[in-house]
Amino acid sequence: MEPKRLFNPEGDDSLESRRIIGGNSTNIFNLNNVRYQWANKLYRNMMANFWIPEKTDLSSDIEPYKHLTVEERQAYDGILSFLIFLDSIQTNNLSNINDYITAPEVNLLLAIQQYQEAIHSQSYQYVVESIIPTDRRNSIYDKWRTDKVLFERNKYIAQIYQDFIDDPAEKKFAKVLIANYLLEGLYFYNGFNFFYNLASRNLMLGTSEIIRYINRDELTHCVMFEFIVREIRELEADYFSVAEVEEMFRFAVDQEISWTNHIIGDGILGVSEATTEMYTKWLANERWNKLGFGGKLYEGFDKNPYKHLEKLADTEGEGDVKSNFFESTVSAYNQSSVLDGWDDF
Ligand SMILES: [Fe+2]
Ligand SMILES: [Fe+2]
């Protein structure tokens, strides 16, 4: 694939010739004419989610952290390490995707996502600095180098991104998109639930609030990649081999389960190896279904064992993975009112 030209006087921005990839964009944000209407709605959702980490007071988490069990503290630190890696790589890689997207309304979303991933990355710094003792902070940032399970799963996703940078072929681009979808839609969630689990016991409430904001953003990113994949499949169906996508899903599920067992295991109230498997496979079924490939990946995994945590996650009513995403009520956390359209700029 060829990256789009930055300066392209011969470009054509008309709606008829606009394409999500392989188009002839001028790179002008001509947003009065939008071909992909979902991008318009998603933009307003993403902007309405604006948040700043420092508005959450973390001082009340300092004492409870000291009184977590050894297993809980290990899980807390380890999940942070994983989230830090994911948000760092997302912040850095999204522009590599955007170089090949030729619809300005979608370029805009990826730019907003990149800035949100930067906020997520900075929010971890705020959590680590507020709660973790000085002598242990670096070990959280470096854990991906020393923990074999963590290294392997980070390597899986990062290598897919790197392969496309080294050789920008169509099929590699398709893999990058699925990897993004899995990262945004599957990878974070056992970790998020761990924090909601602590919050349900009145523990680490500040951290859990930060996680809630991140969770809300990640769901919009997941929806974005769902739409991008669906649009590209309509244009270039053969970029995506169903068997290959299925293999990626199954590999990601296996890694998510083994990592969660490794870092949370059976020792923490409310989480067991059985619920981890139930939850991860249920979630994978939901995500798979949204991409429109048909069928089901995991028979018999039809229930979310952590449904009771949704009220803590601020995703209640959207627990069936945003089936009603655009109808969802505006959360009390929103700090800006939703724009009615591009004219409101
Ligand atoms: Fe993120
Ligand atoms: Fe994200």
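Methionine 204 is located in the loop between α8 and α9, where helices (H or I, at least four residues) are DSSP runs numbered from the N terminus. The model is predicted, so local features need pLDDT of at least 70 and side-chain atom pairs count only at pLDDT 80 or more, whereas totals for chains, interfaces and linings use all residues. Residues are numbered from 1 along each chain as its sequence is written, chains are lettered from A and ligands numbered from 1 in the order in which they are written, and side-chain values use heavy atoms, with hydrogens and water left out.

- Methionine 204 is not a glycine, yet its phi is positive, at about 55°.
- The relative accessibility of methionine 204 is 1%, so this residue counts as buried; buried means under 20% relative accessible area, exposed over 50%, and partly exposed in between (1.4 Å probe, protein chains only).
- Asparagine 202 also belongs to the loop between α8 and α9, and it has a positive phi of about 65° although it is not a glycine.
- Asparagine 202 counts as exposed because its relative accessibility is 59%.
- As background, most residues other than glycine have a negative phi.

- Because glutamate 117 lies in helix α4 (residues 104–131) and histidine 221 in helix α9 (residues 205–235), the pair ties together parts that are 104 residues apart in sequence.
- Glutamate 117 is buried, with a relative accessible area of 0%, and histidine 221 counts as buried at 0% relative accessibility.

- Asparagine 215 is placed in helix α9 and counts as buried at 3% relative accessibility.
- Asparagine 193 sits in helix α8 (residues 189–200) and counts as buried at 9% relative accessibility.
- Apart from neighbours within four places in sequence, asparagine 193 is in contact with Tyr279, Tyr306 and Leu309, contact meaning heavy atoms within 4.5 Å.

**Helix α3**

- Helix α3 (residues 70–98) has 29 residues and should span 42 Å at 1.5 Å a residue, which agrees with the 42 Å between its end C-alpha atoms; the expected span is 1.5 Å times one less than the number of residues.
- At asparagine 92, α3 bends by about 35°, the bend being the angle between axes fitted to the seven residues ending there and the seven starting there.
- Of the 29 residues of α3, 21 are buried, so that the helix is mostly covered.

**Packing of α7 and α10**

- Helix α7 (residues 170–187) and helix α10 (residues 242–263) have axes that come within 11 Å and cross at roughly 35°; axes are lines fitted to C-alpha atoms, for helices over the stretch in contact, and angles run from 0 to 180 degrees between N-to-C directions.
- Residues making the contact include Ile178, Leu182 and Leu186 of α7 and Val245, Phe249 and Val253 of α10.

Key. Helix = DSSP H or I, 4+ residues; strand = E, 2+ residues; numbered from the N terminus.
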